[in-house]
Amino acid sequence: MNDIAFNRLLVVLRHGPHGSSWLREGLEVALVGAALGQDVSLLFYGEGVTALLKEQQVGPLAQKGTQPMLEMLPMYDIESLWVDAEALATYDLTLDELVVPAKEVGRHEVSDLFQRHRLVLNF
Amino acid sequence: MPSSEIYRYLDVGRNKVPLDTESYLIHLNDWTPAVAQAMAAEEGRELTDLHWEVIEVLRDFYHRFEMAPSMRPLVKAMTQTYGPEKGKSIYLMRLFPDSPAKVGARIAGLPKPANCL
Amino acid sequence: MILHTLNRSPATSRVYQQTLDAMASEDRLLLIEDGVQGALPSLSPLFGELSGRLYVLQEDVISRGLEERCDPSIHVVNVDGFVLLTEEADKIVSWF
């Protein structure tokens, strides 16, 4: 397992926007990691896939939306975005409906993704 | 969004602009080029056309993404707008000694970059 | 080997399913806090695929009065055992 580059970080996002601050916090950790030179990947897992909906807006109490943050990811060189294929089906979504480009990953491939990163942070 | 209490006021012509403890604007809408000039003058910095290019890029970044950039994305945004010669941290360090992302955000009237050491 | 920890009861939260899906064949799972309810014989079959790789934290079991009620096939570890599991793992992933 020691052949994994020490700077590979996987941030797992398991919550949608607005219901809690987990999504924004996870994205902020990803940005901090990238700002510090980490090679960051994101996995949108379970409910986390709803963070990628194009139609999302600011919250009813003017909470910031996540769309500008998602669109900013390439500026931090965060280009490796994975999305839980099973959850896409659960929420009746397809890849081309997402706000940023992402690659599908099947449930049996999620464990590979975990093994390939030096550090995995769950949000 | 005002994030902190007023610590002091900056004199800009006949106006007084409220600042926080780290001299960032309390109200981002207060920003004008004259505010940037006054902030820079206070710190003994002179704003040349090259500085204004960076300020433009910073303000555009905030407008698009609602966050002030740290160094890495600022360098990338400079590259995209002005090419690789100006998309270098050393270039930005010469224009804004100390910390280009923090100093630049302050003078450009943005909040302090959150993910920036 | 990754050590996963789970602090939600499988009777009230489906996080356990996400956890199982993310586990590789060598990985271990430690049930902590409300997660220890998963050690009850009525719920432990949910973790059946983990045979031998399922652990439960003794302190949390005792404080919930479940010590005599746990499925005997599950390894009970105390905090020192938790530390040992941590040392043997490449990394830790917590589920909540």
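**Exercise 1. Describe how the axes of α2(B) and α5(B) are placed relative to each other.**

Solution. Step 1: the axis of α2(B) and that of helix α5 (residues 100–107) of chain B come within 9 Å and cross at roughly 85°. Axes here are lines fitted to C-alpha atoms, for helices over the stretch in contact, with angles from 0 to 180 degrees between N-to-C directions. The model is predicted: local features need pLDDT of at least 70, side-chain atom pairs count only at pLDDT 80 or more, and totals for chains, interfaces and linings use all residues. Residues are numbered from 1 along each chain as its sequence is written, and chains are lettered from A and ligands numbered from 1 in the order in which they are written.

Step 2: α2(B) is therefore roughly perpendicular to α5(B) (65 to 115 degrees; under 35 is roughly parallel, over 145 roughly antiparallel, the rest oblique).

Step 3: B:Val54, B:Ile55 and B:Leu58 of α2(B) meet B:Gly104, B:Ala105 and B:Ile107 of α5(B). Contact means C-beta atoms, placed from the backbone, within 7 Å. By class, five of the residues are nonpolar, one is polar and none is charged (nonpolar: Ala, Val, Leu, Ile, Met, Phe, Trp, Tyr, Cys and Pro; charged: Asp, Glu, Lys and Arg; polar: the others, Gly among them).

**Exercise 2. Work out the build of chain B from its elements and its radius of gyration.**

Solution. Step 1: chain B has five helices and two strands, in the order β-β-α-α-α-α-α from the N terminus. These are DSSP runs, numbered from the N terminus: helices are H or I of at least four residues, strands E of at least two.

Step 2: a compact globule of 117 residues would have a radius of gyration near 13 Å, and chain B agrees because its value is 13 Å (taken over C-alpha atoms; the rule is 2.2 Å times the number of residues to the power 0.38). The C-alpha atoms fill a box of roughly 40 × 25 × 20 Å along the principal axes.

Step 3: of contacts in chain B between residues at least 6 apart in sequence, 49% join residues at least 24 apart.

**Exercise 3. Characterise the side of chain B that touches chain A.**

Solution. Step 1: 14 residues of chain B are in contact with 11 residues of chain A. Two or more residues each come from α2 (49–65) and α3 (71–82) of chain B, and α3(B) gives the largest share, five residues.

Step 2: this side divides into eight nonpolar, two polar and four charged residues.

Step 3: no contact joins chains B and C, whose closest C-alpha atoms lie 23 Å apart.

Terms used:
Contact = placed C-beta atoms within 7 Å.
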